[in-house]
Amino acid sequence: MRPNIIQSIVFCLATLALSFMMVACGGQDGASSDGSKGGVLYLNIASMRQTRAAALSVNEEMHSLRVVVLRSNGTVEHNRFYALEGAREEFGVLLNVAPDETKKIFLFANEESVAVVEGVQDDRRSLTRFFESYTAGSSGFEDAVTGLYFAPDYSDGKPIPMSSMYEIAVPARGVVRQTLYVVRVATKFTVNFNNWRQGEDVTVSSFSISGHADRNFLMAHVNDSEQNRLLFKGKTWIEWLKEVSDASSENDSYATTEAAGWLKDYDLPEQANSGLTYTHGTVTVGRPHVDIDYPDNSRPGVADETPVFYLPESMNLKAGEAAYGEQEYTMTINIAGKKDPFVCPLPNLKSLFRNTSVVVDVSMNNREIVVDVIPYGEVKLDPVFGLDVEKNKEKN
């Protein structure tokens with residue numbers, strides 16, 4: 001997720017009808033519709049969306065869901081697992097809960113994609129086994145789950161793990177209806193290659209993104225700091241992300257991005273290595289279509305399949321920056337037939353918090369390569385490996 005492109009999301013707010021909830025959940029836990037047996041939670045749980053994603057990929061949706069409800073004393077009240085039928089963007093949950101207290105609601109999607117977790121010292125290294133060890137009345141769940149971290153594996157179309165936590169006040173009597181969101185523990189890169197080299201294909205023998213991490217916390221570690229308080233303005237970080245998404249949906253510009261700000265103050269596990277490089281293999285980019293008589297009809301050659309991949313939430317500080325300052329990630333492109341690679345920092349990509357969606361446009365013509373992170377700016381590279389950096393160039 002990107003503010004505007006980075007940390008951006010489109011929220012699908014669904015109407016919570018009682019009939020839908022009863023069908024979706026089968027009237028679990030003997031909950032009554034009017035809360036006469038205590039408190040009732042009607043939760044519509046949805047996966048966050050990203051501004052530029054016309055539709056979520058199957059692996060970006062929920063394939064399973066776990067809801068853990070903690071009472072005000074920290075003990076487990078509910079620990080429910082739902083195996084969903086197919087990929088879902090939303091799912092309704094109905095729970096009967098003890099009234100007149102504030103609950104902590106922990107949400108997890110696609111736990112089956114996390115084969116091994118770290119941060120536990122016993123045999124609960126499977127995430128599912130860890131969850132199943134906490135039954136009703138158990139204590140210590142919040143501290144334990146907050147300390148879990150793992151090495152993500154996004155290969156072979158595995159569903160992306162998601163998580164979030166909310167606090168909800170349940171009254172002495174009545175019903176609480178609310179839409180909650182799970183956040184992907186991943187960042188998404190889409191790389192568009194555009195070939196304007198007349199009369200020839202271009203073979204990208206490989207390209208890479210450097211500076212990403214190898215381990216993420218299961219739960220987001222967003223710091224309660226002055227930096228974040230000024231950014232969020234009294235909201236939670238999830239509420240702030242919703243506001244950023246709303247703004248970017250109407251005006252996806254560099255100015256809007258800067259006005260929204262960047263979430264930079266968050267933590268990775270101490271054990272994380274933030275100096276890794278992701279390398280993608282060969283990409284063949286076809287010839288452009290050039291219409292001499294009607295130039296507006298010309299269009300670049302593109303790859304048969306646009307590279308799309310996922311990297312862990314990361315924090316690679318720019319040289320000279322203090323902790324939780326501006327970050328920097330570097331792209332290297334190797335072109336077949338060229339001795340030296342093209343190397344440049346991804347312009348104005350200042351943070352790589354979870355659920356970030358980065359769209360990179362790489363335009364190639366006979367004299368230069370332009371790397372553009374939409375809509376933040378562009379970097380031009382000449383064919384002899386010189387750099388001509390156009391920083392903070394706005395696109396109107």
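Trainee: What does the pLDDT average in the protein?
Mentor: The average is 84, and 80% of the residues score at least 70, where pLDDT is the predictor's confidence in each residue, from 0 to 100. Over residues 1–36 the pLDDT is below 50, although this stretch has 147 contacts in the model beyond near neighbours in sequence, a contact meaning heavy atoms within 4.5 Å. Residues 383–396 also have a pLDDT below 50, with 27 such contacts. Where pLDDT is low, the predicted coordinates should not be read in detail.

Trainee: OK, and how many helices and strands are in the protein?
Mentor: There are six helices and 21 strands; these are DSSP runs numbered from the N terminus, helices being H or I with at least four residues and strands being E with at least two. Of the 396 residues, 53% count as buried, where buried means under 20% relative accessible area, exposed means over 50%, and partly exposed lies in between, with a 1.4 Å probe and protein chains only.

Trainee: What is the strand order in the open sheet of seven strands?
Mentor: The order is 3-2-5-7-8-1-4, with mixed pairing, and two strands pair if DSSP finds at least two bridges between them. Strand 3 (76–88) and strand 4 (90–97) stand at the edges with a single partner strand each, so one side of each is left without a neighbour in the sheet.

Trainee: Then how many bridges join strand 1 to strand 4?
Mentor: Eight bridges join strand 4 to strand 1, which covers residues 39–47, and the two run antiparallel. Within this pairing, Val40 stands opposite Asn96 of strand 4.

Trainee: Which residues other than glycine have a positive phi?
Mentor: Most residues other than glycine have a negative phi. Tyr324 has a positive phi of about 65 degrees; Tyr324 is in the loop between strand 15 and strand 16 and is partly exposed, at 26% relative accessibility. Asn355 is another example, with phi near 70 degrees, and Asn355 sits in the loop between strand 17 and strand 18, where it is buried at 0% relative accessibility.

Trainee: Now salt bridges: how many does the count come to?
Mentor: The count comes to 14 salt bridges, each being a side-chain nitrogen of Lys or Arg within 4 Å of a carboxyl oxygen of Asp or Glu. In one of them, the closest N and O atoms of Glu101 and Arg71 are 2.9 Å apart. Glu101 is buried at 13% relative accessibility, whereas Arg71 is partly exposed at 33%.

Trainee: And where do Glu313 and Arg354 lie?
Mentor: Their side chains meet in a salt bridge at 2.9 Å, N to O. Glu313 lies in the loop between strand 15 (308–311) and strand 16 (330–335) and Arg354 in the loop between strand 17 (342–345) and strand 18 (357–364), so the pair ties together parts that are 41 residues apart in sequence. Glu313 is buried at 1% relative accessibility, and Arg354 is buried at 1% as well.

Trainee: Last one: what is Thr187 in contact with?
Mentor: Thr187 lies in strand 9 (residues 187–195) and is buried, with a relative accessible area of 1%. Leaving aside its neighbours within four places in sequence, the contacts of Thr187 include Phe309, Tyr310, Glu313, Phe353 and Arg354.

Conventions:
Residues are numbered from 1 along each chain as its sequence is written. Side-chain values use heavy atoms; hydrogens and water are left out.
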